[in-house]
Amino acid sequence: MTLITSTDTLAAFCRSLAGADYIAVDTEFLREKTYWPQLCLVQVAGPKGAVAIDPLADGMDLSPLFEVMNDPSILKVFHAARQDVEIFHHLSGAVPHPLFDTQVAAMVCGFGDSVGYETLVTKLTNARIDKSSRFTDWSHRPLTDRQLTYALSDVIHLRPTYEKLRRRLQRTGREPWLEEEMAVLTDPATYLVDPDSAWLRLKARSAKPRFMAILKEVAAWREREAQRRDQPRNRVLRDEALLEIAAHAPLSVEDLARTRGMGRSFADGWQGADVLAAVQRGLDVPDAELPKFQAREEPPPGLQPIVELLRVLLKMTCDDNHVASRLVASAADLEAIAADDEAPVPALHGWRREMFGKDALALKHGRIALAIVDRRVRVVPTVVDTDE
């Protein structure tokens, strides 16, 4: 069992990875008390064994690891990669590439929506993973042998899991499907946080444009402040307080101090001044530039049965082709297809159109039908009377 705690040892290990076709990577991190994930451990398995790298060790410089993560000749294999990749992007300014996500690959290969790592490993390798150390404090030092055994087991089993999934993709010709999904994961824009969009995550209780303009400005201030302090958003200002401020638009310290959940010391201080300035910016937005609430439209009368038929077709098609339905079309996609033959949804393009989209349109226009044959739903052709 190897725990790397010095930059020199890390550099030597990274040099040993030269020429490797791929490496398996996992991380352990905490996020309860910070805005950005606090990286506590990195596990890497190469062709010659697996190591755990301690980023919290005194004097540790992760630059040699970042070089490997950015080496285009070495494939980086993760499971449910998004949060891990976000960490590397934040620390190094670059997205690891090329990338292979075994969770997405499993969806392509028919293991269901968002299959868990333990389940996937057991199905593919018959190995059992002890997850009893999952919720330990990874920032506490020294790490125990049990913690390290747990952490390293993830990347050790990830190698054979990857190899079996890769062979399945090659046999089925579905490698391009995965590449399409990996393009999203390796796009730096995926990991950029736009403070001006922070308000969209809140459950606004009003659709009034002025309310939303103020909410947008105050939420953007909170997002930037949380990033600057590296604290969770609600440590800076709770969601409920943001919504109260947007609803009442306080213009003075006294008004702000009366906001529910807001202390007088906050209102009197520099943070209160910043919030009042954000409120004023929201009030100053010209009427023509106010954000507009776009309510989710209910399907027109008569459209919902079509959506339900498309849902059945999607489930049947994905079961027959051993692919996760979430990867092919969402509920919103089905509603869009029911309403518009040219809907701008992935299900009407590329491999998704070949597998499902074409039949979805054919079903919608009565060129095919769904029937129960031998207790299973099947697609059957129809004859449309064009004289009617």
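This is a predicted model: local features need pLDDT of at least 70, side-chain atom pairs count only at pLDDT 80 or more; totals for chains, interfaces and linings use all residues.

## Cysteines

The disulfide count is zero. A disulfide needs two cysteine sulfur atoms within 2.5 Å. The sulfur of Cys109 has its closest cysteine sulfur in Cys318, 14 Å away, so the two are too far apart for a bond. Seen from Cys318, the closest cysteine sulfur is that of Cys109, again at 14 Å and too far for a bond.

Are these residues buried or exposed? Cys109 counts as buried, at 12% relative accessibility. Cys318 is buried too, with a relative accessible area of 3%.

## Aromatic pairs

The model holds seven aromatic pairs. One of them joins Tyr22 and Tyr162: the ring centres are 4.5 Å apart and the planes meet at 50°, so the pair is tilted. This pair links distant parts of the chain. Tyr22 sits in strand β2 (residues 22–30) and Tyr162 in helix α6 (residues 145–172), 140 residues apart. Tyr22 is buried at 9% relative accessibility. Tyr162 is buried at 8%.

Phe78 and Phe88 also pair, with ring centres 6.4 Å apart and planes at 65°; the pair is therefore edge-to-face. Phe78 lies in strand β5 (residues 75–78), and Phe88 lies in helix α3 (residues 82–92), so the pair ties together parts 10 residues apart in sequence. Phe78 is buried, with a relative accessible area of 0%. Phe88 counts as buried at 1%.

## Ring cluster

Which residues do ring pairs link into a cluster? They are Tyr22, Phe100 and Tyr162. The tilted pair of Tyr22 and Tyr162 thus has both its residues in this cluster.

How values were computed. Residues are numbered from 1 along each chain as its sequence is written. Side-chain values use heavy atoms; hydrogens and water are left out. Buried means under 20% relative accessible area, exposed over 50%, partly exposed in between (1.4 Å probe, protein chains only). Rings of Phe, Tyr and Trp (its six-membered ring) pair if their centres lie within 6.5 Å; planes under 30 degrees apart count as stacked, over 60 as edge-to-face and the rest as tilted. Helices (H or I, at least four residues) and strands (E, at least two) are DSSP runs, numbered from the N terminus.
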